[in-house]
Amino acid sequence: GTPKYSGMVEDCCCDYETVDNLNKELLYPSLQELVKTPFFRYFKAKLWCDCPFWPDDGMCRLRDCSVCECPESEFPESFKKPKRLPLNDLVCQEGKPEAAVDRTLDSKAFRGWTEIDNPWTNDDETDNGEMTYVNLQLNPERYTGYTGPSARRIWDAVYSENCPKYLSQESCQEEKILYKLISGLHSSISVHIGADYLLDEATNMWGQNLTLLYDRVLQYPDRVRNLYFTFLFVLRAVTKAADYLEHAEYNTGNLNEDLKTESLIKQLLYNPKLQAACPVPFDEAKLWKGQSGPELKQKIQHQFRNISALMDCVGCEKCRLWGKLQVLGLGTALKILFSDDGQENLVQPLQLQRNEVIALMNLLNRLSESVKFVHEMGPTAERITEGH
Ligand code: FAD
């Protein structure tokens, strides 16, 4: 285990050991199965970059990132409503070939579910025409070769959004929740890069990079703590929405698979072991205590939407896919946990849309994978790296 992390996870009611055990025995195995089901393996996203920031560097500005330097009067009439470029022909694509999204879909289709916009994200989720369906199973989150100033710029902007003083390295106490959530997500992304890394390009050999795991995450205990915090935050959202999730439609037209989906969902929502060991995995009421609920909600919502908008500027398609999915997942968790006023009074009945539920459960699975990897490989990574 990771003895460094003992005691209670911050703002929570479970200790690290309990979380590790519950995850290993219960959450991780069910989630791994769940995300493979037809309902959960397709995600709808607006994938091309449409970045409103950094207009001067010519990257990622226009839809499809095609850069046009001529004045509009010179446009042939037929160009004025430009047809979309082939999606694999994005000028702004950075990173290596492994950064591209595999768009192969099989014939499994969806049914049902209302289309409503999520106020926590920048994308208009009701807008179908601009969306592509992606089979997540074909696009694992792992190393993509996306690094350097452009990736760095996104993270800096994300952190600056909830802490204006971030870049001047002054400490920032305000909006700690949002900071911890983002930092936990960032840790999780780094863990996935370290867990599945291109070790040798020439032979296309993939494997673990434990030095990277140490350098980017383990070396900073806060980043590990934030990962656990985010995991429990999202888990709490899932259990809080249990009533809704239990009765949602998981119909994809494949009876056997859909029955399995429903039973896995119930297994996750109503597990006596989970309820006994960690009844309320996260106490959101404590977080809002002493603060003005509606005001805090508005402020965080505003910041979170801006973070969501930044995902359009991620210059690597697969990173953008997982960035958008996980930000929507976090947005959905926030939506659920802010859906009452802290006194268990529902402000309005909770409504989720299909894509939000898919994002939420896939995010929980990613965090569960990261927690498991850190727990299992952490000590080895520390030994080999600190021994140097
Ligand atoms: P970065 O990870 O870029 O970190 C930048 C700075 O942020 C660090 O120097 C540190 O000051 C701070 N920081 C780092 N981690 C934390 C933390 N947990 N909490 C608080 N602060 C922290 N690359 C891939 O290979 N595969 C992917 O799927 C992928 N997805 C991405 C998704 C998004 C949305 C973004 C913005 C980037 C993604 N990247 C991905 C790129 C990857 O996250 C790194 O940016 C890149 O690997 C370069 O890493 P780095 O060592 O320079 O530090």
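In which loop is P52 found? Select P52: it is in the loop between β1 (42-45) and α3 (77-80). Please bear in mind throughout that the model is predicted. P52 counts as exposed because it has 12 C-beta neighbours inside 10 Å, and a residue with 12 or fewer is classed as exposed.

P52 and P272 are separated by 220 residues in sequence, and their C-alpha atoms are 47 Å apart in space.

Now select the ligand and its surroundings. The ligand is surrounded by 22 residues, the closest being A151, I154, S183, C319 and G323. The elements that contribute two or more residues to this shell are α4 (149-162), α5 (176-195) and α13 (317-337). Of the elements, α5 gives the most, with six residues. Colouring the shell by residue type shows ten nonpolar, seven polar and five charged residues.

Finally, select α4. Which of its residues are buried? They are I154, V158, E161 and N162. Viewed down the axis of α4, the buried residues fall within an arc of 90°, so they line one face of the helix. Turn to the face of α4 that is directed away from the buried side, where the exposed residues P149 and R152 are carried.

To finish, examine the length of α4. At 1.5 Å a residue, its 14 residues should span 20 Å, and the end C-alpha atoms are 20 Å apart, which agrees.

Definitions and conventions. Residues numbered from 1 in each chain as written. Predicted model: local features only at pLDDT ≥ 70, side-chain atom pairs only at ≥ 80, totals over all residues. Near = placed C-beta within 6 Å. Helix = DSSP H or I, 4+ residues; strand = E, 2+ residues; numbered from the N terminus. Nonpolar A, V, L, I, M, F, W, Y, C, P; charged D, E, K, R; others polar. Expected span 1.5 Å × (residues − 1). Buried ≥ 20, exposed ≤ 12 C-beta atoms within 10 Å, placed from the backbone. Arc of directions from axis to C-beta.
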